Amino acid sequence: MLYNVGMTADGKVVSVEGDARISGEEDLREVHRLRAEHDAVAVGANTVRRDDPMLNVRLVEGEDPLRVVFSSDCTGIPLNCRLVRTAREIPTLILCAEAEPEHRRRLERRGVEVEEVGWEGEFADVREGLRVLYERGVRSLLLEGGPTLAWSFLKHGLIDEFRVAVAPVMIGGSEALTPVEGKGFPTVAEGVGLKLKRVERLGRDVVLWYEVVGSARELAEEHERARGEPD
Ligand SMILES: NC(=O)c1ccc[n+]([C@@H]2O[C@H](COP(=O)([O-])OP(=O)(O)OC[C@H]3O[C@@H](n4cnc5c(N)ncnc54)[C@H](OP(=O)(O)O)[C@@H]3O)[C@@H](O)[C@H]2O)c1
């Protein structure tokens with residue numbers, strides 16, 4: 001799974017007032033290309049409420065991926081959001097812990113598919129969600145946020161790659177979210193280790209491609225070993 005995000009140079013993915021249009025036009029086109037290359041694209045319910053995204057392929061030629069939203073009971077998915085309004089034309093699936101029956105019927109009447117995956121704490125079980133997607137033939141998933149959903153995947157080691165477009169702007173704000181929120185790992189050593197695979201300049205942005213390689217501790221140990229080896 002690839003987690004893709006646009007971030008300011010000071011590490012924010014959305015401003016305190018909810019502005020998440022961070023990366024430039026060139027990156028947006030690239031994100032559409034990534035969508036076309038994946039079987040499915042996933043977001044959390046809050047991203048749907050805040051950004052009302054389409055999650056389809058418009059800026060390049062290519063097929064739309066299956067659009068997937070993770071939700072707790074699906075009542076938080078507004079019936080008038082763009083995903084629901086276009087569900088008859090573009091396949092749209094809500095993976096929820098447990099669907100509220102009436103809202104589920106309203107969504108299904110509009111062409112949205114709803115599947116229950118059970119609870120993990122207060123949220124939908126993402127591992128079961130991935131199993132459901134696999135059974136439906138999804139072999140590649142592009143995660144487009146938000147940071148709360150990203151934590152659910154990260155903590156289970158389900159993210160393989162991380163692509164971040166860093167925009168040359170700083171916006172501050174202690175309430176402004178970063179790429180991964182949630183509970184967080186208690187120490188750096190327990191964090192998820194990344195290996196930088198590629199750096200690209202894309203218009204005014206810098207795009208960093210990382211591969212997830214294990215724990216941060218393992219990465220540090222590998223680094224130490226490499227330093228200790230004679231040339
Ligand atoms: N810069 C970028 O690239 C970028 C990309 C995406 C989003 N964003 C920004 O990020 C913000 C939204 O992020 P967010 O962290 O607040 O919310 P989020 O991750 O988009 O959605 C979280 C919500 O998803 C539902 N959910 C269901 N199962 C879940 C699970 N297992 N783990 C986590 N959530 C689960 C819950 O909502 P219910 O209980 O209501 O169902 C939960 O509150 C928006 O302001 C958006 O603009 C920025």
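Predicted model: local features only at pLDDT ≥ 70, side-chain atom pairs only at ≥ 80, totals over all residues.
C81 touches V48 and D52, leaving aside residues up to four places away in sequence. Where does C81 sit? C81 belongs to the loop between β3 (66-71) and α3 (82-85). Is C81 buried, partly exposed or exposed? Because C81 has 18 C-beta neighbours inside 10 Å, it counts as partly exposed.

G172 is found between β9 (161-167) and β10 (192-202). G172 has 10 C-beta neighbours inside 10 Å, so it counts as exposed. From R105, G172 is 67 residues away in sequence and 42 Å away in space, C-alpha to C-alpha. Here are the two pairs side by side.

| Pair | Apart in sequence | C-alpha to C-alpha |
|---|---|---|
| G172 and R105 | 67 residues | 42 Å |

### Two domains

Now step back to the whole chain. It is divided into domain 1 (1-35 + 159-231) and domain 2 (39-139). The C-alpha centres of domain 1 and domain 2 lie 25 Å apart. Seven residues from domain 1 and nine residues from domain 2 make the contact. On the side of domain 1 that touches domain 2, there are two nonpolar, two polar and three charged residues.

### Around the ligand

How many residues surround the ligand? The shell has 30 residues, and the closest are G44, N46, G76, G145 and G146. Elements giving two or more residues to this shell are β1, β2, α2 (45-51), β3, β7 (123-124) and α6 (147-155). The largest share, five residues, comes from α2. Sorted by class, the shell holds 14 nonpolar, 12 polar and four charged residues. Why does the ligand lie between the two domains? Domain 1 and domain 2 both give residues to the shell, so the ligand lies between them.

### Two helices, each with a buried face

Helix α1 (residues 25-37) is 13 residues long and reaches 19 Å from its first C-alpha to its last, close to the 18 Å expected at 1.5 Å a residue. Which residues of α1 are buried? They are D27, E30, V31, L34 and R35. Looking down the axis of α1, you would find these buried residues within an arc of 150°, so they line one face of the helix. They pack against β1 (2-8), β2 (40-44), β8 (141-143), β9, β10 and β11 (205-215).

Helix α5 (residues 126-135) has V126, G129 and L133 as its buried residues. Down the axis of α5, the buried residues fall within an arc of 50°, so they too line one face of their helix. On the other side of α5, R131, Y134 and E135 are exposed. The cover over the buried residues of α5 includes β2, β3, β4 (92-96), β7, β8 and α6. Just past the end of α5, G137 takes a positive phi of about 95°.

Technical notes
Residues numbered from 1 in each chain as written. Helix = DSSP H or I, 4+ residues; strand = E, 2+ residues; numbered from the N terminus. Buried ≥ 20, exposed ≤ 12 C-beta atoms within 10 Å, placed from the backbone. Contact = placed C-beta atoms within 7 Å. Expected span 1.5 Å × (residues − 1). Arc of directions from axis to C-beta. Near = placed C-beta within 6 Å. Nonpolar A, V, L, I, M, F, W, Y, C, P; charged D, E, K, R; others polar. Domains from an automatic or database assignment.
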